[in-house]
Amino acid sequence: MRHSLPRRLLAEFLGTFWLVFGGCGSAVISASFPQLGIGFLGVALAFGLTVLTGAYAFGPISGGHFNPAVTLGVATAGRFSWRDVGPFWVVQLLGATFAAFVLLKIAQGNIDFSLASGFAANGYDEHSPAGYTWQSGLLAEIVLTAFFLLVILGTTEGRAPVGFAPIAIGLALALIHLVDIPITNASVNPARSTSQALFVGSWALEQLWLFWVAPLAGAVIGGLIHRFTLADD
């Protein structure tokens, strides 16, 4: 059953909100909590769990992209209508930004909170958690996004076991974050990066270009590889 575009857009808005609120919320609120902080591993699992649960809840309606790079990659692979790419990007950005706004209002209830701490924004050079250059960040984001698309496309084809795709996709995103958090604070999602950068401003907006260029490039690469070498006839 193909749902109407407004219903699909609502599902994408909600799913993207959930991804940013859950993933970035774990980084902002729980990662460094004294003695009990969840650290990199916890944040990586949080992002994976948001995609896993969101894909089961909203995927049957919209496809469960929650990410402009995923939408582009799936369209490149021939599995999504190009005319719907723009509307999906708009609601993904709106959902991510609204999630960041709600998260900011919650975080400001803590007397020690400051946007100067980064607010889970993505960055490179001095704003990389481990001091990685923009070249390292660009390469990592391209490679990881390309493989993310390959996992998504491979697990949602007809030959794949039915009903297990969200698990594989969620685990893939968790793995991506385990690799990428020290490098760029892990993006692979332009909507997620934009939402945090809008509130941090300054350096986060200046460096935002990388977190559009690299994920989108990686998504196209992944989509093309799948379409012409791996896809079912």
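I looked up Ala186 and found it buried, at 0% relative accessibility (buried is under 20% relative accessible area, exposed over 50%, partly exposed in between, with a 1.4 Å probe and protein chains only). Ala186 is not a glycine, yet its phi is positive, about 65°. I placed Ala186 in the loop between α6 (165–184) and α7 (190–200). Helices here are DSSP runs of H or I with at least four residues, strands are E runs of at least two, and both are numbered from the N terminus.

I note that this is a predicted model, where local features need pLDDT of at least 70, side-chain atom pairs count only at pLDDT 80 or more, and totals for chains, interfaces and linings use all residues. Residues are numbered from 1 along each chain as its sequence is written, and side-chain values use heavy atoms, leaving out hydrogens and water.

Next I checked Ser202, in helix α8 (residues 202–206). Its phi is also positive, near 35°. Ser202 is partly exposed, with a relative accessible area of 48%.

Then I turned to the largest nonpolar core, which has 50 residues. Such a core is a set of buried Ala, Val, Leu, Ile, Met, Phe, Trp, Tyr and Cys residues joined through side-chain atoms within 4.5 Å. Phe148 and Leu173 have the most contacts inside this core. Helix α4 (residues 85–107) gives the most to the core, eight residues.

Residues 36–58 are 87% helix and 0% strand, with end C-alpha atoms 32 Å apart. For residues 160–179 I noted 75% helix, 0% strand and 26 Å between the end C-alpha atoms.
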